[in-house]
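Reader: Could you go through this model with me, one topic at a time? I'd like the cut-offs spelled out as we go.

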Amino acid sequence: MNELKAAFFDLDGVIFDTEPQYTVFWGGECRRYHPEVPGLEHKIKGQTLDQIYGQWFAGPLTGEREAITRRLNEFERQMDYNYVEGLPPLLAELRRHGVRLAVVTSSNRAKMEAVCAKHPEFEGLFDAVLTSEDFAESKPSPDCYLTAAARFGCQPDSCVVFEDSLNGLRSGRAAKMRVVGLATTLQVSVIQPLSDVQIADYTDFRYEDLTELFKK
């Protein structure tokens, strides 16, 4: 039986319940630039900024990226970063059992500075924080999670990934790791095919629940 040695957490929708706030931001930007696509802010959920720009802000809109990024950075500095319910106790429990913990996010270091300004204790909750600058390829490539496993000297089959987006879930699957799906951004029926277990938050989720995944 494989043993749980490391747990990797995406940021938005997994550590912090920020997705509703991003929906507000992107709702404004999408209405500004793509009024012909109602509800576009919901279609781009879970995509990285590069993916959003590549699909929706290319060609004639390429020149608008700088202004959008500037507004996004300012928005993120003002955001509320509320932990997903039950996360801090779970992190403490995992650490007591010797599980290594890492943030693995497609967000950049500037975003992490905004997070740490609101939560000075944040980095102390994890053994490592890996951002987009640390990876050669974005999710759904497994590169980010394989990089995190290598950082800890762990094999992929001893690691578990916590994700909420389709690209993130696919990344964890491609890395050959156990995957816990958070139904904070998408419905359970959407994330179920790409995850081993689905949870709404961490309130009733414990170390023992994770070890059960490694018995399968």
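Reader: How much space lies in the largest pocket?
Author: About 740 Å³ of space lies in the largest pocket, where a pocket is, on a 1 Å grid over the protein atoms alone, an open set of points where a 1.4 Å probe fits, with protein on both sides within 12 Å along at least five of seven lines. The volume is the space filled by probe spheres set on the points, which are joined across faces, edges and corners. This is a predicted model, in which local features need pLDDT of at least 70 and side-chain atom pairs count only at pLDDT 80 or more, while totals for chains, interfaces and linings use all residues. Residues are numbered from 1 along each chain as its sequence is written, and side-chain values use heavy atoms, with hydrogens and water left out.

Reader: Which residues of the lining lie nearest the centre of the largest pocket?
Author: Gln47, Thr48, Leu49, Ser106 and Ser107 lie nearest the centre, out of 32 lining residues, a lining residue being one with an atom within 4 Å of a point. The elements that give two or more residues to this lining are α1 (19–33), α3 (49–56), α4 (65–78) and α8; helices (H or I, at least four residues) and strands (E, at least two) are DSSP runs numbered from the N terminus.

Reader: And how do the lining residues divide into nonpolar, polar and charged?
Author: There are six nonpolar, 15 polar and 11 charged residues in the lining of the largest pocket, with Ala, Val, Leu, Ile, Met, Phe, Trp, Tyr, Cys and Pro counted as nonpolar, Asp, Glu, Lys and Arg as charged, and the others, Gly among them, as polar.

Reader: Switching to helices, which residues are buried in α7?
Author: In α7, which spans residues 143–152, the buried residues are Cys144, Tyr145, Ala148, Ala149 and Phe152, where buried means under 20% relative accessible area, exposed over 50%, and partly exposed in between, with a 1.4 Å probe and protein chains only. Seen down the axis of α7, these buried residues fall within an arc of 135°, so they line one face of the helix; the arc is that of the directions from the helix axis to the C-beta atoms.

Reader: What covers the buried residues of α7?
Author: The cover includes strands β1 (6–9), β2 (100–104), β3 (128–130) and β4 (159–163), along with α8 (166–174), with contact meaning heavy atoms within 4.5 Å. Just after α7, Gly153 takes a positive phi of about 70°.

Reader: Since β1 came up, which strands does it pair with?
Author: Four bridges join β1 to β2, and the two run parallel, while β1 and β4 also pair in the parallel sense over four bridges; pairing requires that DSSP finds at least two bridges between two strands. Ala6 stands opposite Arg100 in β2, and Ala7 stands opposite Val160 in β4. From β1, Ala6 and Phe8 point one way and Ala7 and Phe9 the other way, yet all are buried.

Reader: What about α6, and which side of it is exposed?
Author: Lys111, Met112, Ala114 and Val115 are buried in α6, residues 109–118, and they cover an arc of only 155° around the axis, which puts them on the same side of the helix. Glu113 and Ala117, on the other side of α6, are exposed, and what covers the buried residues includes α1, α4 and β3.

Reader: Where is the cis peptide bond?
Author: A cis peptide bond joins Lys139 and Pro140, with omega about 20°, and Pro140 has its place in the loop between β3 and α7. Both Lys139 and Pro140 are among the residues touched by Ser171, which is found in helix α8 and counts as buried at 0% relative accessibility.

Reader: Which non-glycine residue has a positive phi, and is that residue buried or exposed?
Author: Lys176 has a phi near 65°; this residue sits in the loop between α8 and β5 and is exposed, with a relative accessible area of 64%. As background, most residues other than glycine have a negative phi, and most peptide bonds are trans.

How values were computed: Lists of a residue's contacts leave out its neighbours within four places in sequence.
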